[in-house]
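Good morning, colleagues. I would ask you to keep the model in view while I go through its strands, its core and a few individual residues.

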Amino acid sequence: MSNKEWLLLDAKDKIVGRLATKIANILIGKNKSDYTPGCDNGDFVIIVNSNEIKFTGNKLDHKFYYRNTGYPGGLRSTKAGDLMEKDSTEVIRKAVKGMLPKNKWQSIFMKRLKVYKDSAHPHQGQNPKAIEV
């Protein structure tokens, strides 16, 4: 098991899906030369400026996020534009979670993802290394 690094990514003017694939690969550890399936090689990822992330095309109006309350007829939907206004960090979290494996590792990887609306974050003590994707 390798040492875990802290990586800092700026989401300003980045496209949601393309950024999410890069983040998922970093969380899993596929960007490292010592990647082994079934082993935890991933790093911590800090995302800043989630308010300035972009969608391509008309996705702000046509993309929906669904959830179910658990009651009959309880399907609830939210437009991507509305979710961006309410909580832009959740848009990135949902995109990354959808690209992670659906097994016991998913919750472990998601705990390593830290998303913030602006450029301020409380992880200065970890000396995050800024990377460009």
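Strand E3 (64–68) and strand E4 (residues 75–79) run antiparallel and are joined by 5 bridges. Strands are said to pair if DSSP finds at least two bridges between them. Strands and helices here are DSSP runs numbered from the N terminus, with at least two residues (E) for a strand and at least four (H or I) for a helix. Across this pairing, arginine 67 stands opposite arginine 76 in E4. E3 and E4 form a hairpin with 6 residues between them, and glycine 70 in the turn has a positive phi of about 100°.

A word on the source: this is a predicted model, in which local features need pLDDT of at least 70 and side-chain atom pairs count only at pLDDT 80 or more, while totals for chains, interfaces and linings use all residues. Residues are numbered from 1 along each chain as its sequence is written, and side-chain values use heavy atoms, with hydrogens and water left out.

I turn now to the open sheet. It has 4 strands in the order E5-E2-E1-E6, with parallel pairing. E5 and strand E6 (129–130) are the edge strands, each pairing on one side only. Between E1 and E2 there are 5 bridges, in the parallel sense. Leucine 7 has valine 45 in E2 as its bridge partner, and aspartate 10 has valine 48 in E2.

Buried means under 20% relative accessible area, exposed means over 50%, and partly exposed lies in between, with a 1.4 Å probe and protein chains only.

Neighbours within four places in sequence aside, leucine 7 is in contact with Ile26, Asp43, Phe44, Val45, Ile46, Lys129 and Ile131, where contact means heavy atoms within 4.5 Å. Leucine 7 and asparagine 127 are 8.7 Å apart in space, C-alpha to C-alpha, although 120 residues separate them in sequence.

Next, the aromatic residues. The count comes to 3 aromatic pairs. The rule takes rings of Phe, Tyr and Trp (its six-membered ring) with centres within 6.5 Å; planes under 30 degrees apart are stacked, over 60 edge-to-face, and the rest tilted. Tryptophan 6 and phenylalanine 44 form a stacked pair, at 4.3 Å centre to centre and 5° between the planes. Tryptophan 6 lies in strand E1 and phenylalanine 44 in strand E2, so this pair ties together parts that are 38 residues apart in sequence. Tryptophan 6 is itself buried, at a relative accessible area of 16%.

What lies over the face of phenylalanine 44? Arginine 112 does, at 6.0 Å from the ring centre. For such a placement, NZ of Lys or CZ of Arg must be within 6 Å of the ring centre and within 35 degrees of the ring normal.

Isoleucine 47, apart from neighbours within four places in sequence, is in contact with Leu9, Ala11, Ile23, Ile92, Leu113, Lys114, Val115 and Tyr116.

In H4, the buried residues are Ser88, Thr89, Val91, Ile92, Ala95 and Val96. They cover an arc of only 160° around the axis, which puts them on the same side of H4; the arc is that of the directions from the helix axis to the C-beta atoms. The elements they pack against include H1, E2, E3 and H3.

Finally, two backbone angles. Most residues other than glycine have a negative phi. Asparagine 49 is not a glycine either, yet its phi is positive, at about 60°. Asparagine 49 lies in the loop between E2 and helix H2 (59–62), and counts as buried because its relative accessibility is 12%.
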